[in-house]
Amino acid sequence: IHGGAMTLQRHTEQEWQFAARDLESARHWLATRPQETSARRFSPRPTLTMQDTYYDSPDWMIFRAGYALRVRRARETDGTGDGATEVTLKSLHQAHDGVARRTEISENVGDANLQEVLARENGIGGRIRELVGSRQLAPLFRANTRRERQHLLEADNDLPLAEVDLDETSIETSAGPAQEL
């Protein structure tokens, strides 16, 4: 959906999530996979640092509508990338057989904060207002993540089939100390 300079994206995300006691064993496994271009192989991508803040209204209207509202600021750890802000409504669906499929509606909002996004007539701000009306939004928690990324490439070409992410995350709430994941 295009409106002026903004682009609202809607896609379905399919992911498998696994918890690991340590990431070293996963890093080692990835490093020992075939590297020949004639085989499917992993190719490193830049590592990201992400700061995600989740919001809802005091009466949980976004959650009750079946969504989570995330504001993400991401930057590549090597200092490249624009570090822009992305606002996302993610549908909340239970994983089945380890696979989660979610609809995501996202918009890259540049340097705008959430209040500025909500004041816009078009784009994701309008979608959020459809859910919450004039209710105020408050932060629920913040997740700080360091994400190591690798593409799984098809044999004999560079077509990405999937992405493998190794995340180290710290969850912060106003009620207590951070939890490490």
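## Serine 134 and its loop

Serine 134 sits in the loop that runs between α4 (124–132) and β7 (138–153). The model is a predicted one. With a relative accessible area of 73%, serine 134 is exposed, because the cut-off for that class is over 50%. Along the chain, serine 134 and serine 57 are 77 residues apart, and their C-alpha atoms are separated by 9.7 Å.

## Nonpolar cores

The largest nonpolar core has 18 residues. Those that touch the most other members are Leu69, Val87, Leu89, Leu114, Ile124, Ile128 and Leu137. Two or more residues of this core come from each of the helices α2 (61–64), α3 (114–119) and α4, and from each of the strands β4 (67–76), β5 (85–91) and β6 (99–110). Apart from this core lies another, of five residues, including Leu23, Leu30, Phe42 and Leu152. In soluble globular proteins, nonpolar side chains tend to be buried together.

What does leucine 137 contact, once neighbours within four places in sequence are left aside? The contacts of leucine 137 are Tyr55, Asp56, Ser57, Ile62, Leu69, Leu114, Leu118, Ile128 and Val132. Among them, Leu69, Leu114 and Ile128 are also listed with leucine 137 as core residues that touch the most other members. Ser57, another contact of leucine 137, is the residue whose C-alpha atom is 9.7 Å from that of serine 134.

## Aromatic pairs

Three aromatic pairs are found in a search of the whole structure. One of them joins tryptophan 29 and phenylalanine 42 edge-to-face, with 5.9 Å centre to centre and 65° between the planes. This pair links distant parts of the chain, since tryptophan 29 belongs to helix α1 (residues 23–31) and phenylalanine 42 to strand β3 (residues 41–56), 13 residues apart. Tryptophan 29 is partly exposed at a relative accessible area of 45%. Phenylalanine 42, at 10% relative accessibility, counts as buried, because the limit for that class is under 20%.

Tryptophan 60 and phenylalanine 63 also form an edge-to-face pair, 5.9 Å centre to centre and with 80° between the planes. Tryptophan 60 has a relative accessible area of 42% and is partly exposed. Phenylalanine 63 is partly exposed too, with a relative accessible area of 49%.

## Nonpolar surface patch

Leucine 140 lies in strand β7. Its relative accessible area is 30%, and leucine 140 is partly exposed.

## Salt bridges

The count of salt bridges comes to 15. Arginine 27 takes part in one with glutamate 24, where the closest N and O atoms are 2.6 Å apart. Arginine 27 and glutamate 24 are three residues apart in helix α1, so about one helical turn separates them. Arginine 27 counts as partly exposed, at 23% relative accessibility.

The N to O distance between the side chains of arginine 27 and glutamate 148 is 2.5 Å. Glutamate 148 counts as buried at 16% relative accessibility. The side chain of glutamate 148 also meets that of arginine 146 in a salt bridge of 2.8 Å, N to O. Arginine 146 is partly exposed, its relative accessible area being 35%. Glu24, Arg27, Arg146, Glu148 and Glu168 are linked in a network of salt bridges.

## Arginine 127

Arginine 127 lies in helix α4. At 26% relative accessibility, arginine 127 counts as partly exposed. Arginine 127 and alanine 95 are 32 residues apart in sequence, and the distance between them is 25 Å, C-alpha to C-alpha.

Note on methods. Residues are numbered from 1 along each chain as its sequence is written. This is a predicted model: local features need pLDDT of at least 70, side-chain atom pairs count only at pLDDT 80 or more; totals for chains, interfaces and linings use all residues. Side-chain values use heavy atoms; hydrogens and water are left out. Helices (H or I, at least four residues) and strands (E, at least two) are DSSP runs, numbered from the N terminus. Buried means under 20% relative accessible area, exposed over 50%, partly exposed in between (1.4 Å probe, protein chains only). Rings of Phe, Tyr and Trp (its six-membered ring) pair if their centres lie within 6.5 Å; planes under 30 degrees apart count as stacked, over 60 as edge-to-face and the rest as tilted. A nonpolar core is a set of buried Ala, Val, Leu, Ile, Met, Phe, Trp, Tyr and Cys residues joined through side-chain atoms within 4.5 Å. Contact means heavy atoms within 4.5 Å. A salt bridge is a side-chain nitrogen of Lys or Arg within 4 Å of a carboxyl oxygen of Asp or Glu.
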